[in-house]
Amino acid sequence: AVVSTQSTGALSFFSYRDPNNTATLDVFDRAAEWATEGAFTDQQLNEAQISVMGKQDAPVAPGSRGLSQFLGGMDLDQRRAYRAGVLSVTRQEVMDVAARYLSPDNLHGNVVVGSETETSKFTDLGYLIDAFGKKTGTE
């Protein structure tokens, strides 16, 4: 399973060819609780900060510097401020943001792409099933 953030602020959890997709969806739901409750260690917080900054501070070829600024939308001063903010974030701040944005009350959705034989387990869990690309005979 993977967690990904986009420049739009969207947070995505996803897995690929997952044989236990219902269990994975449960883990994704519990991840919000984990962050809201602060059930992570200081070392995990530090490793997350380093991971974020590792992506931000990755070497950029001289010819791509202007392009990365244009596409990323941040000049050098903004990148420095972002870096300082990431490296100074506290456990309580992570918990507050998780409570605000990852609560079950916020808009979110689950999409599972798979074989037609697995639809019954998702129907039983209350999911709506949409068979993409399938002719229904009413067209």
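This is a predicted model: local features need pLDDT of at least 70, side-chain atom pairs count only at pLDDT 80 or more; totals for chains, interfaces and linings use all residues.

Student: Let's switch to charges. How many salt bridges are there?
Tutor: The count comes to 2 salt bridges. In one of them the side chains of R91 and D42 meet, at 3.0 Å from N to O, and this pair links distant parts of the chain, with R91 in helix α5 (residues 91–101) and D42 in helix α2 (residues 42–56), 49 residues apart.

Student: Are those two residues buried or exposed, or something in between?
Tutor: R91 is partly exposed, because its relative accessible area is 26%, whereas D42 counts as exposed, because its relative accessibility is 56%. The cut-off to keep in mind is that exposed means over 50%, while buried means under 20%.

Student: What about the salt bridge between R80 and D77, how far apart are N and O there?
Tutor: The side chains of R80 and D77 meet at 3.8 Å, N to O. These two residues are 3 residues apart in helix α4 (residues 76–88), so about one helical turn separates them, and both R80 and D77 are exposed.

Student: New topic: which residues make the nonpolar surface patch?
Tutor: L67, F70 and L71 make that patch, which covers about 390 Å². L71 lies in helix α3 (residues 65–72), and it counts as exposed because its relative accessible area is 64%.

Student: Now pockets. How does anyone find empty space in a model like this?
Tutor: Rolling a probe the size of a water molecule over the atoms shows where empty space is left.

Student: So how much space lies in the second largest pocket, and what lines it?
Tutor: About 510 Å³ of space lies in the second largest pocket. Its lining is made by 18 residues, and those nearest its centre are V112, V113, T119, I129 and D130. Sorted by class, the lining has 9 nonpolar, 5 polar and 4 charged residues.

Student: Where is D130 found, and is D130 buried or exposed?
Tutor: D130 is found in the segment after α6 (119–124), and it is exposed, because its relative accessible area is 52%. D130 and V113 are 17 residues apart in sequence, and their C-alpha atoms are 9.9 Å apart in space.

Student: Last one: what is the phi of R17?
Tutor: The phi of R17 is near 50°, which is a positive value in a residue other than glycine. R17 sits in the loop between β2 (11–14) and α1 (21–36), and it counts as exposed because its relative accessible area is 71%.

Terms used. Residues are numbered from 1 along each chain as its sequence is written. Side-chain values use heavy atoms; hydrogens and water are left out. Patches are made of residues with over 30% relative accessible area and no salt bridge: like charges are joined within 9 Å, nonpolar side chains (Val, Leu, Ile, Met, Phe, Trp, Tyr) within 5 Å. Accessible areas come from the Shrake-Rupley method with a 1.4 Å probe; for residues, only the protein chains shown count as cover. A salt bridge is a side-chain nitrogen of Lys or Arg within 4 Å of a carboxyl oxygen of Asp or Glu. Helices (H or I, at least four residues) and strands (E, at least two) are DSSP runs, numbered from the N terminus. Buried means under 20% relative accessible area, exposed over 50%, partly exposed in between (1.4 Å probe, protein chains only). On a 1 Å grid over the protein atoms alone, a cavity is a set of points where a 1.4 Å probe fits but cannot get out, and a pocket is an open set with protein on both sides within 12 Å along at least five of seven lines; lining residues have an atom within 4 Å of a point. Grid points are joined across faces, edges and corners, and a volume is the space filled by probe spheres set on the points. Ala, Val, Leu, Ile, Met, Phe, Trp, Tyr, Cys and Pro count as nonpolar, Asp, Glu, Lys and Arg as charged, and the others, Gly among them, as polar.
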